[in-house]
Amino acid sequence: YQRRVHGKQWYQRRVHGKQWYQRRVHGKQWYQRRVHGKQWYQRRVHGAASFGKMARYYNVERIKQVNDSTLIAAGGEVSDLDAIMDMCEQQRVSDLCADDGVTRSPTEVHSWLTRIMKYNRDQTNPLWNSILVGGLNRKGEGYLGYTDLYGSTYTDNYAATGFGQHLAIPILRDKWHENITVVEAKALVSDCMKVLFYRDCCTINRIQFGIADKNGLRLEEPVKLDTNWRFT
C-alpha cells in the first residue's frame with residue numbers, strides 16, 4: 001500500500017488485483033463520542049461509510065456487542081472492523097465452550113484488543129481503527145477504554161476518536177461531572193456530534209446510541225440530529 005498527503009488530510013491507497021480504491025484513514029472522517037457514569041456507560045456514533053470523499057453508505061452500524069457486558073465502537077476502516085468482530089466472535093465461542101459461566105469483562109476485552117492492535121502493527125499489517133470499549137465490569141461500575149492501530153491505550157471517564165479528540169474532548173471536559181445521568185449524557189454527546197457535523201463536510205447527521213447499565217446492554221435505533229443552517 002502507499003500513503004500520501006493531500007492538503008491537510010491523510011489518505012491510504014491500496015491495490016487489490018487490478019482495481020484501485022481509496023480510503024481516507026485520518027480520524028476526521030470517522031469519530032464517536034463516549035461518556036460513562038458510575039453505574040452506566042453510553043456511546044454514540046454516526047452511521048456513514050465513505051469511499052474517498054463520497055458518503056457511500058448511510059446505515060453502517062459502528063457499535064457492536066461483544067458479549068453480555070461489553071460494547072465496542074470503532075472509527076476507521078469498515079473491513080478491518082469486520083475482521084476485529086470475527087476475532088471477538090471466536091473469543092466468545094471459546095468462552096462458551098469452556099462452560100465455566102465466566103464472561104469476559106470490558107476490562108479484559110479492552111486489554112485483549114489492545115494487544116491484537118499492537119501485534120498487527122508490529123507485523124506491519126495494522127488494523128486501521130480507533131476503538132472504544134465500554135460496559136459494566138463485575139462490580140457493576142461503568143468502564144471505558146481506548147485503543148488504536150498503534151496499540152496505544154488509556155481509560156477515562158470520557159473519550160473520543162478522530163476529529164472528536166480535537167473538538168469534542170474540550171466540551172466533555174467542561175460539562176462532564178461525576179453524577180451525570182444518562183439523559184444529561186445524551187444531551188452532552190448530542191452537542192458534541194452537532195459541532196462535529198457542522199465542521200466535517202464528509203459526515204451525516206444520522207447517529208446511534210449504545211447504552212450499558214444495570215438493565216443490560218441496548219443499542220437504540222438511529223436518530224437524526226436537529227441542525228440549523230440559518231446562521232451560515
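Predicted model: local features only at pLDDT ≥ 70, side-chain atom pairs only at ≥ 80, totals over all residues.
The protein holds four helices and 16 strands, and buried residues make up 48% of its 232 residues. Of the contacts with a separation of 6 or more, 59% are between residues 24 or more positions apart.

- Thr70 counts as buried because its relative accessibility is 0%, under the 20% cut-off.
- Leaving out residues up to four places away in sequence, Thr70 touches Lys64, Gln65, Arg104, Ser105, Pro106, Val109, Val133, Gly134 and Leu217.
- One of these partners, Arg104, is 34 residues from Thr70 in sequence, with 8.2 Å between the two C-alpha atoms.
- Strand 9 as a whole is mostly covered, with seven of its seven residues buried.
- Both faces of strand 9 are covered: one side carries Thr70, Ile72, Ala74 and Gly76, the other Leu71, Ala73 and Gly75, and all are buried.

- Five strands form an open sheet in the order 8-9-10-11-12, and their pairing is antiparallel.
- At the edges are strand 8 (63-65) and strand 12 (153-155), each of which pairs on one side only.
- From one strand to the next, the twist averages 20 degrees.
- Strand 8 and strand 9 make a hairpin with four residues between them, and their antiparallel pairing runs over three bridges.
- Within that pairing, Gln65 has Leu71 of strand 9 as its bridge partner.
- On the way to strand 10, Leu71 has a bridge partner in Gly134; strand 9 and strand 10 run antiparallel and are joined by seven bridges.
- Strand 11 (residues 142-148) pairs with strand 12 in the antiparallel sense, over three bridges.
- Tyr146 finds its bridge partner in Tyr154 of strand 12.

**Helix 2 on the sheet**

- Helix 2 packs on this sheet and touches strand 9 (70-76), strand 10 (129-136), strand 11 and strand 12.
- The direction of helix 2 makes about 165 degrees with that of strand 10.
- His110 lies in helix 2 and counts as buried, because its relative accessibility is 4%, under the 20% cut-off.
- Apart from neighbours within four places in sequence, His110 is in contact with Val133, Tyr143, Gly145, Tyr146, Thr147, Thr153, Tyr154 and Thr155.

**Helix 1 against helix 2**

- Two packed helices are described by the angle between their axes and the distance between the axes.
- For helix 1 (residues 78-98) and helix 2 (residues 106-122), the axes come within 12 Å and cross at roughly 135 degrees.
- The two helices are therefore oblique to each other, since angles over 145 degrees would be needed to count as roughly antiparallel.
- The crossing of helix 1 and helix 2 is right-handed.
- Helix 1 contributes Ile84, Met87, Cys88 and Gln91 to the contact, and helix 2 contributes Trp112, Leu113, Ile116 and Met117.
- By class, this contact has seven nonpolar residues, one polar residue and no charged residues.

Terms used: Residues numbered from 1 in each chain as written. Heavy atoms only, no water. Axes fitted to C-alpha atoms, helices over the stretch in contact; angles between N-to-C directions. Parallel < 35°, antiparallel > 145°, perpendicular 65-115°, else oblique. Left-handed = near helix turned anticlockwise from the far one by under 90°. Contact = heavy atoms within 4.5 Å. Nonpolar A, V, L, I, M, F, W, Y, C, P; charged D, E, K, R; others polar. Pairing = 2+ DSSP bridges. Buried < 20%, exposed > 50% of the residue type's maximum accessible area, 1.4 Å probe, protein only.
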